[in-house]
Amino acid sequence: MLHIQSPSAGWSLERLIEAQDLFAPDIVLVEVYKKASYPKVVMIRTKTDMDLLKESEQVLCFISWDETLADKEIPVFSIEESPQYIEFIINRMRDAL
């Protein structure tokens, strides 16, 4: 596992991904860039966070601490269902290859 943190000058998402290309990773996980046009998983803590789904593009699924939350179009997993959402994410990534 490699962890790269953007320098204080601030790198673009593309530059962060390019920096990791040198290590030929199978997957790159990035935090914060919700509006970037890459597939993503959105973390939802409360109902007020549901607006993040509307602000985000290419959402594969969302993972929530609140089991009562749902969306008609986006798969949802409880934070406690890690085997299920990990399998889902891996399968979606394989399908994209």
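Mentor: What follows starts with the rings and then moves to a serine in contact with one of them.

This is a predicted model, in which local features need pLDDT of at least 70, side-chain atom pairs count only at pLDDT 80 or more, and totals for chains, interfaces and linings use all residues. Residues are numbered from 1 along each chain as its sequence is written, and side-chain values use heavy atoms, with hydrogens and water left out.

A pair of aromatic rings is described by the distance of the centres and the angle of the planes. Rings of Phe, Tyr and Trp (its six-membered ring) pair if their centres lie within 6.5 Å; planes under 30 degrees apart count as stacked, over 60 as edge-to-face and the rest as tilted. A search of the whole structure finds two such pairs. One joins F77 to Y85, edge-to-face, with 6.3 Å between the centres and 65 degrees between the planes. The other joins F77 to F88, and it is tilted because the planes stand at 50 degrees, with the centres 5.3 Å apart. This second pair links distant parts of the chain: F77 is in strand β3 (residues 76-78) and F88 in helix α3 (residues 82-96), 11 residues apart. Helices (H or I, at least four residues) and strands (E, at least two) are DSSP runs, numbered from the N terminus. F77, Y85 and F88 form one aromatic cluster.

F77 and Y85 are both buried. Buried means under 20% relative accessible area, exposed over 50%, and partly exposed in between (1.4 Å probe, protein chains only). F77 has a relative accessible area of 14%, so F77 falls in the buried class.

F77 is also one of the residues in contact with S64 (heavy atoms within 4.5 Å). Leaving aside neighbours within four places in sequence, the contacts of S64 also include I44, L69, S78 and I79. S64 lies in strand β2 (residues 59-64) and, at 1% relative accessibility, counts as buried.
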